[in-house]
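Dear colleague,

Please find below the sequence and structure that I am handing over to you. My notes on what was found follow directly after.

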Amino acid sequence: NPWRFSFDRGTGDLFIADVGQNLYEEVNVQSAASSGGENYGWDIMEGNHCYGAANCDRTVLTPPIAEYDHSRGDCSITGGYVYRGRDYDALQGVYLFGDYCSGSIWGIKRTGTAVQTRLLLESGLRISTFGEDEAGNLYVADHRGGNIYKIIVP
């Protein structure tokens, strides 16, 4: 159940934010070098967890690069973009995504096969979508207030 996907303009990789079935939200990546056909586990997996069964066959599945559960009041992932702008070195190559219910915005940084996910901001927004301009700047839309905000690093 993807809710927003985007291509990294630096690598061509496809980032897919996948709304969970019950308890987990996830981020999947399809490499630009892939010939396609990845199986992300619908409908036997939710994140890295078997769904509807104690055990499930994961041998042919491509696991998510990140997941989070609903324990903090999160409920629905909103996919974003990999930052490729020039203004914020700290965000360079970071995939930003958020949660609709909590307004949390996270960043995922991939270095080789290592993946680091960290909470960047508790925005208080109802994040419905992200946007990207020609210069690689990122924006977030608030469904509740109807506003669009530019993402900046103070």
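Cys 75 is partly exposed, at 28% relative accessibility, where partly exposed covers the range between buried (under 20% relative accessible area) and exposed (over 50%), computed with a 1.4 Å probe on protein chains only. The model is a predicted one, in which local features need pLDDT of at least 70 and side-chain atom pairs count only at pLDDT 80 or more, whereas totals for chains, interfaces and linings use all residues. Residues are numbered from 1 along each chain as its sequence is written, and side-chain values use heavy atoms, with hydrogens and water left out.

**Disulfides**

Cys 75 forms a disulfide with Cys 101, and their sulfur atoms are 1.7 Å apart; a disulfide here is a pair of cysteine sulfur atoms within 2.5 Å. The link of Cys 75 and Cys 101 is right-handed, with 65° about the S-S bond. Cys 75 sits in the loop between S6 and S7 and Cys 101 in the loop between S8 and S9, so the pair ties together parts that are 26 residues apart in sequence. Strands (E, at least two residues) are DSSP runs, numbered from the N terminus. Cys 101 is likewise partly exposed, at 29% relative accessibility.

By the same rule the count comes to 2 disulfides. Cys 50 and Cys 56 form a disulfide with sulfur atoms 2.1 Å apart, and this link is left-handed, with -85° about the S-S bond. Cys 50 is buried, with a relative accessible area of 19%, while Cys 56 is partly exposed, at 23%. With the bonded cysteines of the protein numbered in sequence order, the pairing is 1-2, 3-4.

**Nonpolar cores**

The largest nonpolar core has 13 residues. Such a core is a set of buried Ala, Val, Leu, Ile, Met, Phe, Trp, Tyr and Cys residues joined through side-chain atoms within 4.5 Å. The residues with the most contacts inside the largest core are Phe 15, Val 27, Tyr 68, Ile 77, Tyr 95, Phe 97 and Ile 108. At least two residues of this core come from each of strands S2 (14-18), S3 (24-30), S6 (66-69), S7 (77-82), S8 (94-99) and S9 (104-111). Apart from this core lies another, of 12 residues, among them Tyr 88, Val 94, Leu 96 and Val 140. In soluble globular proteins, nonpolar side chains tend to be buried together.

Which residues does Val 27 touch, not counting those up to four places away in sequence? They are Phe 15, Ile 16, Pro 64, Ile 65, Ala 66, Ile 77, Tyr 95, Phe 97 and Ile 108, a contact being heavy atoms within 4.5 Å.

**Pockets**

About 300 Å³ of space lies in the largest pocket. On a 1 Å grid over the protein atoms alone, a pocket is an open set of points where a 1.4 Å probe fits, with protein on both sides within 12 Å along at least five of seven lines, and lining residues have an atom within 4 Å of a point. Grid points are joined across faces, edges and corners, and a volume is the space filled by probe spheres set on the points.

The largest pocket is lined by 14 residues, and those closest to its centre are Leu 120, Leu 121, Ile 151, Ile 152 and Val 153. Strands S10 (114-122) and S13 (148-150) are the elements that give two or more residues to this lining, and S10 supplies the largest share, 3 residues. By class, the lining has 12 nonpolar, no polar and 2 charged residues; Ala, Val, Leu, Ile, Met, Phe, Trp, Tyr, Cys and Pro count as nonpolar, Asp, Glu, Lys and Arg as charged, and the others, Gly among them, as polar.

The second largest pocket holds about 160 Å³ of space. Of its 14 lining residues, Asn 1, Asp 18, Asn 28, Tyr 40 and Trp 42 lie nearest its centre. This lining divides into 6 nonpolar, 5 polar and 3 charged residues.

**Backbone geometry**

Trp 42 and Asp 43 are joined by a cis peptide bond, with omega about 5°, and Asp 43 lies in the loop between S3 and S4. Arg 4, although not a glycine, has a positive phi of about 90°. Arg 4 is placed in strand S1 (residues 2-7). Most residues other than glycine have a negative phi, and most peptide bonds are trans.

With kind regards

Definitions and conventions
Helices (H or I, at least four residues) and strands (E, at least two) are DSSP runs, numbered from the N terminus.
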